[in-house]
Amino acid sequence: MQSFKIQPKIELADSLAEFCQEFQVGPGDLLFASRRTQQNYLQGLAQGAIIIDYRDFGSGEPTDTMVEGIAHALAGRDYKRVIAIGGGTILDVAKLFALQTILPVAKLFQQEIPPVKKCELILLPTTCGTGSEMTNISILSLTSLSTKLGLAHDALYADHAVLIPELLKDLPDRAFGASAIDALIHAMESFTSPRATAFTKMFSLQAMELIIKGFQDIVVQGRKARDKHLQDFLLASSYAGIAFGNAGCAAVHALSYPLGAAKHVPHGEANAVMLLPVYKLYQEKHYGGSLRDLCQYLAGLLGCQEMDVWLRLEDLLTGILSWKSLADYGVTKDELDAFADVVMNKQRRLMANNFVTLTRHDVEKIYGSLY
Ligand SMILES: [Fe+2]
């Protein structure tokens, strides 16, 4: 039996001021927002709310220790709603604070503590990548396990996902490129997942079209095209979030997590590194079914033959974001073995969604080709 779920109520707003007024943001709210968001958009708004910048609790990607630091800082403070304005990492952290019990975080993520929702959760994305506002997944780096781990549970769904294109305007170029490529990968991995359905595929395809057309315009016209397509990228990211929230992500994400955790490579960039080798290997092992459908669809968007899809996609993506070899990220050959261990042992949830089964030898082959 197949199922498909969209949980949050989706709201579209023109500005953060409009949202704050409509939702009467203030006392009783726990608000997650970076300093930059606070300065650029929140001045004079949200008075009386408890405001947290997760950067006060550590640098780099969010970890269990960072979440525990925030939880200790909030001890004894009461709130009735959690509102998060930020990239996927801030949204993923904020989701946990709408739960009754989150400590110790490693136990929560290893499903030794059942997640139970305690208050309303409202998520506002400021990047066009993770689609976190639509999913029931929170992803953290767990320091004790040396990898990122996802916790998927319906208690982590937002009650409202609020989409405001204005919030994407001052996203730096690399953050924009990495997050939009991440969204494209969500759309692709969910499309070729064995859990894909007619419903998820519709969202995946529309996300791919919006992102690729936007990228094509940006490569030709530069920044002004990006501003023109902001709403498209925000919608695409949410569409892809709906698709992968139901059908799952797969090997691209699984292989990128050890790189992201060990070398602090941003999530979208680490995914970009893995994307083409994973799909080329799928194709080598079995060219048919949803992979063939994907290649035909991408060929139409990219204006090329099916056989040239990966080459043309690489050309397009490198016009948006540059990435490096594993050696240039500082990975040693010895670490590749540990990376493969993590993928095969800790990322089974994702590896179960691969288009075809990938063995440890396949994973080692991909890492080896990227060194
Ligand atoms: Fe992702």
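Hi everyone, and a quick word on the ground rules before the tour. What you see is a predicted model, where local features need pLDDT of at least 70 and side-chain atom pairs count only at pLDDT 80 or more, while totals for chains, interfaces and linings use all residues. Residues are numbered from 1 along each chain as its sequence is written, and side-chain values use heavy atoms, with hydrogens and water left out.

Let's begin with the domains. The chain is divided into domain 1 (9–168) and domain 2 (173–369), with bounds that come from an automatic or database domain assignment. Their centres, taken over C-alpha atoms, are separated by 25 Å. How many residues does each domain bring to the contact? Domain 1 supplies 24 residues and domain 2 supplies 28 residues, where contact means heavy atoms within 4.5 Å.

UniProt has its own entries here. Its positions are given in the numbering used here, feature names are shortened, and annotations may be inferred rather than shown by experiment. In an unreviewed entry, UniProt places "domain: Alcohol dehydrogenase iron-type/glycerol dehydrogenase GldA" at residues 39–165. That span is 21% helix and 24% strand, and its end C-alpha atoms lie 17 Å apart. For "domain: Fe-containing alcohol dehydrogenase-like C-terminal", also from an unreviewed entry, UniProt lists residues 178–370. Over residues 178–370 the chain is 76% helix and 0% strand, with the end C-alpha atoms 18 Å apart. Helices (H or I, at least four residues) and strands (E, at least two) are DSSP runs, numbered from the N terminus.

Now, inside the protein. By a nonpolar core I mean a set of buried Ala, Val, Leu, Ile, Met, Phe, Trp, Tyr and Cys residues joined through side-chain atoms within 4.5 Å. Buried means under 20% relative accessible area, exposed over 50%, and partly exposed in between, with a 1.4 Å probe and protein chains only. The largest core has 79 residues, and among those with the most contacts inside it are Met 188, Leu 259, Tyr 279, Tyr 282 and Trp 310. Where does this core lie? Both domain 1 (9–168) and domain 2 (173–369) give residues to it, so it lies between them.

Not counting residues up to four places away in sequence, Leu 96 touches several partners, among them Val 67, Ile 102, Phe 109 and Leu 156.

On to the aromatics. Rings of Phe, Tyr and Trp (its six-membered ring) pair if their centres lie within 6.5 Å; planes under 30 degrees apart count as stacked, over 60 as edge-to-face and the rest as tilted. By this rule the count comes to 11 aromatic pairs. Phe 4 and Phe 203 are stacked, 5.8 Å centre to centre with 20 degrees between the planes. Phe 4 lies in the segment before strand E1 (9–12) and Phe 203 in helix H7 (residues 198–221), so the pair ties together parts that are 199 residues apart in sequence. Is Phe 4 buried, partly exposed or exposed? Phe 4 is partly exposed at 27% relative accessible area, whereas Phe 203 is buried at 15%. Phe 4, Phe 199, Phe 203 and Tyr 239 form one aromatic cluster.

Tyr 279 and Trp 310 make a tilted pair, 5.5 Å centre to centre and 45 degrees between the planes. Tyr 279 is in helix H11 (residues 267–285) and Trp 310 in helix H13 (residues 309–318), so this pair ties together parts 31 residues apart in sequence. Tyr 279 is buried at 0% relative accessible area, and Trp 310 is buried at 5%.

Last stop, the backbone. Most residues other than glycine have a negative phi, and most peptide bonds are trans. Here, a cis peptide bond joins Leu 103 and Pro 104, with omega about -10 degrees. Pro 104 is found in the loop between helix H4 (88–96) and helix H5 (105–109). Gln 24 has a positive phi, near 50 degrees, and counts as exposed at 66% relative accessibility. His 264 has a positive phi as well, near 55 degrees, and counts as exposed at 58%.
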